[in-house]
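Here is a short tour to read with the model open beside you. Have a look at the ligand site, the packed helices and a couple of backbone details along the way.

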Amino acid sequence: MCGIVGFTGQENALPILMKGLYSLEYRGYDSAGIAVFTDDGLQVVKTKGRIANLEEKLHEAGNPSSTCGIGHTRWATHGGPSDRNSHPHLGGRDGKVAVVHNGIIENYLFLREQLEKHGYEFQSETDTETVAHLIDFLHKGRQQEDLAQTVLTALSLLRGSYALGVVSMEDSREIVAARRDNPLIIGLGEGENMIASDITAIISRTRRYIILDDNEVAVVRPERVTVYNQLGDVVDKPVQEVSWDLSAAEKGGYAHFMLKEIMEQPRAVADTVRPRIQDGRIVFEDNGLTDERLRETEHIHIIACGSALHAGMVGQSVIESMGRVRCSVSVASEFRYTDPIVKEKDLCIVISQSGETADSLAAMRQAQAEGAFTLAIVNVVSSSIARQADGVLYTWAGPEIAVATTKGYSAQLAALYLVAAKLALARGLMDEAEERSFCEALLELPESIHKMLEDVGTVQYLASKYTNRSSVFYLGRGLDYAAALEASLKLKEISYVHSEAYAAGELKHGTISLIEDGTLVVALATQKRLFEKTVSNIREVTARGAEVILVTTEDFDGDVSACRCVIRLPACLERFAASLSIIPLQLFAYYVAVERSCDVDKPRNLAKSVTVE
Ligand code: M6R
């Protein structure tokens, strides 16, 4: 999704803004732009395409020098990617105001009509330009007000979600920032301050930051930052410190962030699990999952999107089998609009790497409004979902930059295993001895993941062999079906190869008609009691000409002669198999994408953090 960066200080803002924009690239974008103050007024340079295109344009424009400015990477919503629709947008005929925006202004058409009646001419199709003109309009009518006051008034007229950065010719050292349902932080430096969509854009200059909350407005100047609430009262904001190093957000010698993050999975899982296992017992931080609450829980709702949803499906299976509580998994964007039955004794687990996914956040609020206790399983510390949930279980995966999640997903699985065990303990379904052996197995998981990562060669060979297939099917049952969904998503999102995941028994109800000579089928069979069933499904597809790669366990002794390749997982608790089977399939997706020369870390049309509905 869009990214915002802004800088005001003593140094030339342009290189700082550009560095910030590059670090926000991973969020996904299709155009970029900056606005800086020059002697001739506010200079805006913007373009469709990559930041490298913006650099070229800036070069042609003489690389304007200024100590204050704002920058933006746009992910198109209103109006396609084009130079005109790129941000920043200027407000007013004389272009005295420039605005960058993330989010969606829902009532922009109405406001646009009103502003057009006042003579405002629009240059773009965006909702954002409405905000720029609106601020200009309101400011002109209220000459005595400062920009922040005008922005507050403008915000009261906007419906929708936003993170905004606004600059005005009236004060060439000031940035006004605002947020509602879209992340925005303020980096605090020495004699300089920044605004940004996330930490990656500020960390090269400062580790200290404050998080703007919904409906707050900040006035950011080199020497100070003042935050106001909706009423215009000054708010005292706690200062946070970034807990990870810049190197964690750099490639560290790997060709892509995705590969680095795949390789980091043993560490991500270990960091998520180890602090919560002490002397063989599970010890949770104060996240509200008390034994009493877990005992009384009548229904568990897992809510998430994308890969987090797939993690939730694995979680559902483990939670139900260990904790014997009914657990449903919902796509966040569906949950919101299906009038879900949520009761006070329900536990709602919201899973999100970024902690900013708009649908997951809104679904969580809905569950809260119905009185359910909400637990967030989130990676990004102090993100919106983490702050607004009743309790948080952080996945300590560290910053994840590649759009396709890998270590974030693996850490989510680990967190869910812990929740399942805690539930079983609280409900008397697991005794101390069982807890100790469960913890031992969980502590061994990082090493097993590490073993899976050792045989990159086989996967690389398979990727080169099957890179030109136009469609790939993934099959599995139960836990393996959830893992198949994630493996399929990995392949399609980064390599653009069409792929589908099917519950293995469901294939014959229609999809099997797509299987023909040479179709690649990846079958997952890691659950002993389902081995034979999956073997039958493998036979069904090989009989129709499919080439099968089988991912199974060491002790699978079925007939594999029909399979082209068998990848075996090291011994582990069956419940944890999804954490291992996904590893070669992440690598497979990665190497297929590399073979096809795809932009692995920034796949087309995708955003890392989906902050709009
Ligand atoms: O930040 P979140 O975990 O809430 O994001 C959810 C999905 O957007 C995300 O998992 C998406 O599906 C990834 N591209 C998958 O790799």
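## Ligand contacts

A polar side-chain atom of Glu 493 sits 2.5 Å from an oxygen atom of the ligand, a polar contact in the sense of a pair of N or O atoms within 3.5 Å; within protein, one atom must be able to donate a hydrogen and the other to accept it, and residues adjacent in sequence count only if both atoms are side-chain atoms. Please keep in mind that this is a predicted model, in which local features need pLDDT of at least 70 and side-chain atom pairs count only at pLDDT 80 or more, while totals for chains, interfaces and linings use all residues. Residues are numbered from 1 along each chain as its sequence is written, and side-chain values use heavy atoms, with hydrogens and water left out.

| Residue | Protein atom | Ligand atom | Distance |
|---|---|---|---|
| Glu 493 | polar side-chain atom | oxygen | 2.5 Å |
| Lys 490 | polar side-chain atom | oxygen | 3.1 Å |
| Val 403 | backbone N or O atom | nitrogen | 3.4 Å |

Which residues come nearest to the ligand? Of the 14 residues around it, these are Ser 352, Gln 353, Ser 354, Thr 357 and Glu 493, where being near means having a heavy atom within 4 Å.

Helices here are DSSP runs (H or I, at least four residues), strands are E runs of at least two, and both are numbered from the N terminus. Two packed helices are described by the angle between their axes and the distance between the axes. Axes are lines fitted to C-alpha atoms, for helices over the stretch in contact, and angles run from 0 to 180 degrees between N-to-C directions.

The axes of helix 7 (residues 265-273) and helix 14 (residues 432-454) come within 8 Å and cross at roughly 175°. Helix 7 is therefore roughly antiparallel to helix 14 (angles under 35 degrees count as roughly parallel, over 145 as roughly antiparallel, 65 to 115 as roughly perpendicular and the rest as oblique). On the helix 7 side, the contact (heavy atoms within 4.5 Å) includes Pro 266 and Ala 270, and on the helix 14 side Leu 442 and Ile 449 are among the residues involved. By class, this contact of helix 7 with helix 14 has 10 nonpolar, two polar and no charged residues (Ala, Val, Leu, Ile, Met, Phe, Trp, Tyr, Cys and Pro count as nonpolar, Asp, Glu, Lys and Arg as charged, and the others, Gly among them, as polar).

Helix 7 also packs with helix 13 (residues 407-426), at an angle of about 30° and with the axes 9 Å apart. These two helices are therefore roughly parallel to each other. Their contact includes Arg 267 and Thr 272 of helix 7 as well as Lys 407 and Ala 411 of helix 13. By class, the contact of helix 7 with helix 13 has seven nonpolar, three polar and two charged residues.

## Backbone details

Most residues other than glycine have a negative phi, and most peptide bonds are trans. The peptide bond from His 87 to Pro 88 is cis, with omega near 0°, and Pro 88 lies in the loop between strand 4 (68-74) and strand 5 (89-91). Asn 63, a residue other than glycine, has a positive phi near 45°; Asn 63 belongs to the loop between helix 2 (51-60) and strand 4.
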